[in-house]
Amino acid sequence: MTIQRQYTLPNCNLIVEGLLAGDESDPTSPLTVVLNSECSFPGTSDRLSGGREFLDALVKTVSAYAQSLLSGVAYPAEETAIAAPPVTLKHLDRYRHQLMATTTEPNGDQPSTTIELNSVQLFDLVEAVDQLLADALTLPDLTLQVAPLNRRHARPAEPATKRVVPAIAGLSTLAAAAVFLFMPPVPEFEPTRVENPDLSDLVEQEAINLGESSDSPDDDSVDEDSSTADVSEDVAVSGATDAGEEDPAGDDNADLEEDSDAEVETVDPVAAGIALGRLSAARPIVDDATLNAIEAELESDLADALEELTAGAGPNFDEALVYRVAVSGNVEILGYKYENDAALENVDQTPLPSLTFIPVDTESDPDEPIAQFRVTFEPEGEIDAERIEPEELDDGE
Amino acid sequence: MQVDSPPALSSPSILETLPPPSLPSQDCPRRVRMDLDLLILAIESLDVSGSEALLKVSDQLGLQAVIPGRVQLWRIRSTNPMRRQSQRDPLSIDQAKALTLVICFLAKRLTVLIRQLLLGHQQLQDQNLSAEHHFRLGDYLSRFRTLFRARMNPKRAGVIAYSTDDKLNELALMLLTRLLFCTGTQGPQRLWNSLFDGEVV
């Protein structure tokens, strides 16, 4: 005996037809065989029907879709899915859903029906299915099968492409920064100041000058070339002197000295001149005996240093070089200034840059008494230091 | 026999209808706390006396042990990380179950209204009209926006996403659809399981 069970909702009717099991006189006994199931949506002409296979697929699809709609997490397709599941549901947009069913006709045709549902119609379909599932008197073997989805199905909040963007942006910024920072040259590290800390030692200045000058033939002028060449050339252009004539000689000299390794800190003419200017306020040494002793020692110091510098080959300049030199009480050259153009150009041919010592603390007023000399380097190699009287200095300044 | 302490409160049997999820920790994940509070917010937007009804229903369902009163309800709802006065307290599974049952119960009461609003929204969409053309729908949306903005911390990333009226309307309609699915025969089971989608191990 066939019997019909009907689940009626405002927007969906689900009818299940089947054979009664057991006592045929008891209308409440469950169905055993589903002959036909039909799903229709009042108000529309849409109608889906099929056998048990269709009903099972409908229940499964609708149930999973309802869960994904509730949670917002998409349910994965069945792992053991057959090529074309008989019933599918998919989003059309936020509030519309498409129900598609493929039924197999007895003659082999597989017509598919597509029905568009809104949220309320879909809910009624879900509710009809739920009522069928809850109904123990129709198909007790069909029950609600819902379980939370595993973590691995969780949809990331952002799509993968969107999540990759910040990472790529970060990496490309890093790469761009690396390229830009690669372009400027690596700053050259000059360890000289660290290697000769005793040079800055005021007390031992003289001893070092004397002791080292014997084994280090003033390589400083080579180093100096690079830094002072610009300065002296600029001055030379403005002074319109015979710079072109002098340059080759300077280069030769540099070549000569290139094989020496020892490096002595040197003071370029500009810094030395500034130092000299600062010293103009210092107390002059007035004691005649002291001045004479300083004069003699300065002359011999300079002569020794010049000999070392030129390696005994004699001076490399044609004109007398005249400098104003400030000297401390223990014959340390504290500053110098050229008095003629040749003196500026050929300053590297003299030992002055290497012998000059500028105190680190330049801001404080010099309290050490100084003496000033006019030092003349003759082309013949003679060095003459001549005392400059304080009165003359004042007039000159 | 003398007892020194009152008998331990056993969790109400109605909670047994919802299976415990196999979570990595004993507390509810963040999304569960947010979803439950937002669903209640939607109920409050539908029904002005929603929070009163909520307490009454929890009494009717025998859930006093889990939701003893207004303060506890507020504390439970404040586990939503989006809230201004968000509590760091965890939300226990029993509390989440209780809220799920109460939400479904209240949603069932509001079935007619929920269906009306969703059908009305569908019609407005078909005619390309804005939600304000439907009086009750517009009312629901504006009340939801007001409640949301009053209670949620606008500096939170999750709240910033709903900074515009349109975004909030979308959220309100999404919650309305979820409430509709809660009204069904299997509403509590469906809602409960959907809460933990993508969270269980």
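A residue is called buried here if 20 or more other C-beta atoms lie within 10 Å of its own, exposed if 12 or fewer do, and partly exposed in between, with C-beta atoms placed from the backbone. The model is predicted: local features need pLDDT of at least 70 and side-chain atom pairs count only at pLDDT 80 or more, while totals for chains, interfaces and linings use all residues. Residues are numbered from 1 along each chain as its sequence is written, and chains are lettered from A and ligands numbered from 1 in the order in which they are written.

Chain B has nine helices and zero strands, where helices (H or I, at least four residues) and strands (E, at least two) are DSSP runs numbered from the N terminus. Of its 201 residues, 41% are buried. Two residues are in contact if their C-beta atoms, placed from the backbone, lie within 7 Å. Among the contacts in chain B with a separation of 6 or more, 72% join residues 24 or more positions apart.

Helix H4 of chain B covers residues 93-109. At 1.5 Å a residue its 17 residues should span 24 Å, and its end C-alpha atoms are 25 Å apart, which agrees; the expected span is 1.5 Å times one less than the number of residues. Because 12 of those 17 residues are buried, H4(B) is largely enclosed by the rest of the structure. The buried residues include B:Gln95, B:Lys97, B:Thr100, B:Ile103, B:Cys104 and B:Ala107. The buried residues of H4(B) pack against H1, H2 (50-60), H3 (70-77), H5 (111-126), H8 and H9 (187-195) of chain B.

B:Asn128 counts as exposed because it has 6 C-beta neighbours inside 10 Å.

Helix H6 of chain B (residues 135-151) meets H1 of chain B (residues 30-46), their axes coming within 8 Å and crossing at roughly 130 degrees. Axes are lines fitted to C-alpha atoms, for helices over the stretch in contact, and angles run from 0 to 180 degrees between N-to-C directions. H1(B) and H6(B) are therefore oblique to each other; angles under 35 degrees count as roughly parallel, over 145 as roughly antiparallel, 65 to 115 as roughly perpendicular and the rest as oblique. The contact is made by residues including B:Leu41 and B:Leu46 of H1(B) and B:Phe144 and B:Leu147 of H6(B). Its residues divide into seven nonpolar, one polar and two charged. Here Ala, Val, Leu, Ile, Met, Phe, Trp, Tyr, Cys and Pro count as nonpolar, Asp, Glu, Lys and Arg as charged, and the others, Gly among them, as polar.

H6(B) also packs on H8(B) (residues 165-182), at an angle of about 110 degrees and with the axes 9 Å apart. That makes H6(B) roughly perpendicular to H8(B). Among the residues in this contact are B:Tyr140 and B:Phe148 of H6(B) and B:Leu168 and B:Ala172 of H8(B).

Chain B also touches chain A: 26 residues of chain A are in contact with 24 residues of chain B. On chain A, helices H1 (52-71) and H2 (119-134) each supply at least two residues of the side that touches chain B. H2(A) gives the largest share, eight residues. This side of chain A divides into 15 nonpolar, seven polar and four charged residues.
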